[in-house]
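Walk through this model with an eye on its open space first.

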Amino acid sequence: MTKQAGVRACLNRAFWGYSSETDNSFLIGSWGKTTRVGPPRDIDLLFLLPAEVYYRFQERSGNRQSQLLQEVRNALSVTYPQTRMRADGQVVIVPFNSMPIEVSPGFRRSDGSVTVCDTNNGGRYIASTAEAELADLDEADTFYSGNARALTRMTKRWQDEHNVPIRSFEIERLAIQFLRRWRYAHESFFYYDWMVRDFFEYLAGEATGWIVLPGTGEMVWLTGEWLHRATRAHSHAVRACEFERANSNSAAGEEWRRIFGSEMPLVA
């Protein structure tokens, strides 16, 4: 958190003329949505630039977005001269040893939306869905008794444990879609075992489907590369629930460990 505050202060000095560790920026991704799990990965930060920067770069030719990312990178290099940063697609990556930070520069439009840089295919600006994703997650988490974030975190633990090729925002969107149709979605943590079991079944069934991004309505097709792992996790969850019903808690714990790893206690 100290590192990301320093990055914000550096960019505010460079582009807004004053030092602030919070203004003109906000955390996105798992840190912004409070869906992160251990071990921590990186911090995603969206930094809003002044409108005059947008118009200044519009007067240039070539890949304006790539040039803009380089200017942000150069601004950060003033404060972090020993850190080898690079611009990559939509972000400037600041590879701190303690915690990498990915900075996504953007602009607040007159209608309240945010556009961010995309340097691919000659460069363009694209609509950010970060704020809409957070608002949708907050609404679902409140409506479903905190289960949206809980299910997202548990699934991300499985993702990390088994190196599952599914993106975190896909997990989040699928968890919300699942809860909207699951009959026990409003129940407490006493239903976590059934929730995990039924979600892995749902996950396997959606492996070649799609999700819709809030804010833009863009459809993102899923690759299905994680189908086998989701099916296997569902089988372990089914057995875990059966063992729990038979009061064989240690055996159930072994099955949950096969999903979530050795940090899962054998007996709760």
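Seven elements each supply at least two residues to the lining of the largest pocket: helix H2 (29–33), strand S2 (43–48), strand S5 (101–108), strand S7 (124–127), helix H5 (130–143), H6 and helix H7 (168–179). The model is predicted. H2 gives the largest share of that lining, four residues.

The largest pocket holds about 1200 Å³ of space. Its lining counts 37 residues. Closest to the centre are Ile28, Gln90, Thr129, Glu133 and Phe169. By class, the lining splits into 14 nonpolar, 10 polar and 13 charged residues.

Now turn to H6. This helix covers residues 147–161, and Arg149 lies in it. Is Arg149 buried or exposed? Arg149 is buried, because its relative accessible area is 10%, under the 20% cut-off. Its contacts can be listed. Leaving aside residues up to four places away in sequence, Arg149 touches Lys33, Thr34, Thr35, Leu134, Leu137, Asp138 and Asp141.

Last, the cysteines. How many disulfides does the structure hold? The count is zero. Take Cys117. The closest cysteine sulfur to its own belongs to Cys10, 17 Å away. A disulfide needs the two sulfur atoms within 2.5 Å, so the sulfur of Cys117 is too far from that of Cys10 for a bond. Cys117 is also buried, with a relative accessible area of 0%. Cys241 counts as buried too, because its relative accessibility is 7%.

Definitions and conventions: Residues numbered from 1 in each chain as written. Predicted model: local features only at pLDDT ≥ 70, side-chain atom pairs only at ≥ 80, totals over all residues. Heavy atoms only, no water. Buried < 20%, exposed > 50% of the residue type's maximum accessible area, 1.4 Å probe, protein only. Contact = heavy atoms within 4.5 Å. 1 Å grid on protein atoms, 1.4 Å probe; cavity = no way out; pocket = protein on both sides within 12 Å on 5 of 7 lines; lining within 4 Å. Points joined across faces, edges and corners; volume = space filled by probe spheres on them. Nonpolar A, V, L, I, M, F, W, Y, C, P; charged D, E, K, R; others polar.
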